[in-house]
Amino acid sequence: MEIRFLGHACFELSAGDARVLVDPFLAPHNPAAPVSAEEVDPTHILITHGHADHVADAVSVAKRTGAHCVAIVEIASWLNAQGLEAVSDPNLGGTVEFDWGWVKLVQAFHTSTLPGSAETPFSAETGVVIGMPSGLVINVGGTTVYHLGDTCLFSDLKLIAERTPVDVALIPIGGHYTMDRHDAVVAAELIGAGTVIPIHYNTFPPIETDAEAFKSDVESKTGSKVVILEPGATHEA
Ligand code: NI
Ligand code: MN
């Protein structure tokens, strides 16, 4: 699997003909993104929760490409209301299967709000509480990636990784809206992935943090190796 980091919490996971875009948040909405919404061509789009820094470009990309979307049922209904038809609507614990693999929704401790319209995902309409956020355990081409979504630290990260051993964990480290880099070290220990990639940091001032310090803490205290990706960079897993 090729893991391409598009800045913040946005990734493209590719294997064979599958190009799976997670949490579409692209230029100019995402100040860290190396590409715009017009410059991606996913076959599938997966969404962790309704905050604009995770869904801002979901509808426009899905409409242009016809990509099949997966999101928790309340977000899926919103995608349908925006005119998208190829949408799967699992809830927590549910797994959706594709010819390239599967995605399972797991819990995340955070909030979730309804985006504004597709055209104005950051509008004043945002802030309407909508259902629960999720994490995503994603298998593409036989490699398992756990995108934690936005979450604080919780001990069942260990249970989730016991149920499905994780090759690559995408762990938020920015603090303020999610766990910080110190709690993220404990998260890495609980999950026990071969590789950890830090996400959700340095995009905005409140989530600035030291990814190199996180890397050295994880690598001295756990068996995981940390790969720090610059936006636009790829990692082969
Ligand atoms: Ni969020
Ligand atoms: Mn976020």
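Colleague: How far apart are the manganese ion (ligand 2) and the nickel ion (ligand 1), and which residue coordinates both?

Modeller: The two ions are 3.2 Å apart, with Asp150 coordinating both. This is a predicted model, where local features need pLDDT of at least 70, side-chain atom pairs count only at pLDDT 80 or more, and totals for chains, interfaces and linings use all residues. Residues are numbered from 1 along each chain as its sequence is written, chains are lettered from A and ligands numbered from 1 in the order in which they are written, and side-chain values use heavy atoms, without hydrogens or water.

Colleague: Which protein donors does the manganese ion (ligand 2) have?

Modeller: Asp53 (OD), His54 (NE2), Asp150 (OD) and His200 (NE2), at 2.1 to 2.2 Å from the ion. Donors here are N, O and S atoms within 2.8 Å of the metal (3.2 Å for Na, K and Ca), and since water is not among the atoms, sites may look incomplete. Along the chain the donors of this manganese ion are spaced D-H-x95-D-x49-H.

Colleague: Asp53 and His54, buried or exposed?

Modeller: Both are buried. Buried means under 20% relative accessible area, exposed over 50%, and partly exposed in between, with a 1.4 Å probe and protein chains only.

Colleague: Moving on to helix 2. Which residues are buried there?

Modeller: Ala58, Val59, Val61 and Ala62 are buried in helix 2, residues 58-65. They sit on the same side of the helix, because they cover an arc of only 165° around its axis. The arc is taken from the directions from the helix axis to the C-beta atoms. Helices (H or I, at least four residues) and strands (E, at least two) are DSSP runs, numbered from the N terminus.

Colleague: What covers the buried residues of helix 2?

Modeller: The cover includes strand 3 (18-22), strand 4 (44-46), helix 1 (52-55), strand 5 (68-70) and helix 3 (73-81). After helix 2 comes Gly66, with a positive phi near 75°.

Colleague: And the nonpolar core, how many residues has the largest?

Modeller: It has 52 residues, and those with the most contacts inside it are Leu13, Leu26, Leu79 and Ile138. A nonpolar core is a set of buried Ala, Val, Leu, Ile, Met, Phe, Trp, Tyr and Cys residues joined through side-chain atoms within 4.5 Å. Another core, of 25 residues, lies apart from it, and Val166 and Ile171 are among its members.

Colleague: What is Leu79 in contact with?

Modeller: Ile47, Val59, Cys69, Ala71, Leu84 and Val87, leaving aside neighbours within four places in sequence. Contact means heavy atoms within 4.5 Å.

Colleague: How many aromatic pairs are there?

Modeller: Four in the whole structure. Rings of Phe, Tyr and Trp (its six-membered ring) pair if their centres lie within 6.5 Å; planes under 30 degrees apart count as stacked, over 60 as edge-to-face and the rest as tilted. Phe5 and Phe11 form a tilted pair, 4.9 Å centre to centre with 35° between the planes. Phe98 and Trp100 are stacked, at 4.8 Å and 10°.

Colleague: Where is Phe98 in the strands, and what does it stand opposite?

Modeller: Phe98 stands opposite Gly101 in strand 8. Strand 7 (residues 95-98) and strand 8 (residues 101-107) run antiparallel, joined by four bridges, and form a hairpin with two residues between them. Two strands pair if DSSP finds at least two bridges between them.

Colleague: Last one: in what order do the strands of the open sheet come?

Modeller: Its seven strands are ordered 6-5-4-3-2-1-16, with mixed pairing. Strand 6 (87-88) and strand 16 (234-236) are the edges, each pairing on one side only.
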